[in-house]
Amino acid sequence: MRRQLPIIVCFGFGAFMLIQFFIPKRSFIFAYENVLDWMQIIYVFTLLVGVANYIKINSKKVSDKAKGWGYNLIALLGLFSMVILGFAKGTDQGSPFLWMFNNLQVPMQSTMFSLLAFFVASAAYRGFRARTKEATILLLSAGIVMLGRVPIGEMIHSSVPDLANWILNFPSMAARRGILIGIGLGTISTSLRIILGIERTYLGRE
Amino acid sequence: MKIDRRIIFVLIAISVAIPLIFKIGLPNKVTKEVKMVYDSIEELEQGEVVLVSFDHEASSLPEIKPMAQAILRHCFSKNLKVVSFALLAEGTAIGDEILRNVANEYDRKYGRDYVFLGFRPQYTAAILGLGEDLHRVFPEDYKGISTSKLNLTKEIKNYEDISLVVSLADGDLPTYWINYAEARYNQRVAIAVTAVMATTYYPYLSSKQITGLVGGLKGAAEYEILINKPGMGSKGMDAQSVAHVVILLLVVLGNVSYFLSGKLRK
């Protein structure tokens, strides 16, 4: 029953969400609106599971004094201080929570994101080689798009931005469309497999 | 030829820092996709409602903020009403601050001209729910005031009362706006995304599933030209230009040394 019940629930709700789209009756709309509310409630509980898991893993590393346990301790302190400050002093303007968010979290995350530029530059120098015909085409396309997407490209030649846009609008988009259609078909087949109970990996191991 | 990675890091740091300190002022050309977003806002009548969704994390703030400011300035300068919220938790505080600051520039009043509704988890359910009843998805705004009591939101039932949705995103959330709000409710959707995500949305642009696309700092700089308000986007483009040239020169240098070393081995 531990496996059958989730499969029955999944089939019931999956089939309902599919059918309700084609039946604009008041009762179906009412049920649909309720399902949307439940989705949000369930999602909040999954957040709680995530937080509990985060605390469990980090606490274990701290108590075991595993390698780099200091970072785990900082991670836990960060989590608890934000939660405590948020509940105790609120999240309005001028609150300690918002101060920590604006002056710690935002700069730290922006720094991590910005570091990409340095690693991309280093990796491009060491790894971006015209070793084959395909790699050469990729290299040239990347160079044109990089120049065409910044004002200096226009200064080099007026057709550079147009060429960059052509690459984005035609070859790149054709490949992207193919990927999107593939994703769409894959999503439909996987959804049907889950609704019909063929795909059961989401239930975990036996 | 091997260049120590630290030298590359220093080169990039200098190429980004100098244009930010000493403004070069490189000319920027407005692209069709950015003009489409501008036009879709420009054609709205005074008092129409634009929904701005902050669908991003804190890490992408340097790219998202100039786009958000430019689009919001355009909306407020045209006397449009702005309803805003976040579908990713980190966008909440950021969205609230950006919206409030830009609204203050134009002396707009909270509750009458603009409203910030806060964060809703499970974006699929939130986007679909807005097609049925906004008050059910957001019974209260970010400050805890009932949305049925605020002058602006009490008049809004669902997408039928919203003229345009603008998703400011650093990931694939605009796809959900397209799949659910546009496809199911025929809601007009414009998107402003980080440069790295922009290519993902070109197919939706040509299929007219989005009304326009603002991509990264370049898109922000172009939008600033259109509204005639230079800001952080224009400033950032100088730095990005020089950084791109430095990276390309490094790639050329790497390839030249690769071919030379190959010939030497032969």
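Trainee: Why is the pair B:Arg136 and A:Asp37 called a salt bridge?

Mentor: This is a predicted model, and in it the closest N and O atoms of B:Arg136 and A:Asp37 are 2.9 Å apart. The cut-off is a side-chain nitrogen of Lys or Arg within 4 Å of a carboxyl oxygen of Asp or Glu, so the pair counts as a salt bridge.

Trainee: How many salt bridges does the rule find across the interface of chain A and chain B?

Mentor: Four. Polar contacts turn up there too: 18 residue pairs, both partners at pLDDT 80 or more.

Trainee: Which helix of chain A gives the largest share of the side that touches chain B?

Mentor: Helix 4 of chain A, with 14 residues. By class, that side of chain A has 28 nonpolar, 15 polar and nine charged residues.

Trainee: And what goes into the contact as a whole?

Mentor: Chain A puts in 52 residues and chain B 63. About 5,300 Å² is buried between the two chains, with carbon and sulfur atoms giving 64% of that.

Trainee: What makes A:Leu48 part of a nonpolar surface patch?

Mentor: Patch members need over 30% relative accessible area and no salt bridge, with nonpolar side chains joined within 5 Å. A:Leu48 is listed in a patch of about 960 Å², along with others including A:Trp38 and A:Phe45, so A:Leu48 passes those tests.

Trainee: Where does A:Leu48 lie?

Mentor: In helix 2 of chain A, the helix that gives the largest share of the patch, five residues.

How values were computed
Residues are numbered from 1 along each chain as its sequence is written. Chains are lettered from A and ligands numbered from 1 in the order in which they are written. This is a predicted model: local features need pLDDT of at least 70, side-chain atom pairs count only at pLDDT 80 or more; totals for chains, interfaces and linings use all residues. Side-chain values use heavy atoms; hydrogens and water are left out. Contact means heavy atoms within 4.5 Å. Buried area is the accessible area (1.4 Å probe) that two parts lose on being put together, summed over both. A polar contact is a pair of N or O atoms within 3.5 Å; within protein, one must be able to donate a hydrogen and the other to accept it, and residues adjacent in sequence count only if both atoms are side-chain atoms. Helices (H or I, at least four residues) and strands (E, at least two) are DSSP runs, numbered from the N terminus. Ala, Val, Leu, Ile, Met, Phe, Trp, Tyr, Cys and Pro count as nonpolar, Asp, Glu, Lys and Arg as charged, and the others, Gly among them, as polar. Patches are made of residues with over 30% relative accessible area and no salt bridge: like charges are joined within 9 Å, nonpolar side chains (Val, Leu, Ile, Met, Phe, Trp, Tyr) within 5 Å. Accessible areas come from the Shrake-Rupley method with a 1.4 Å probe; for residues, only the protein chains shown count as cover.
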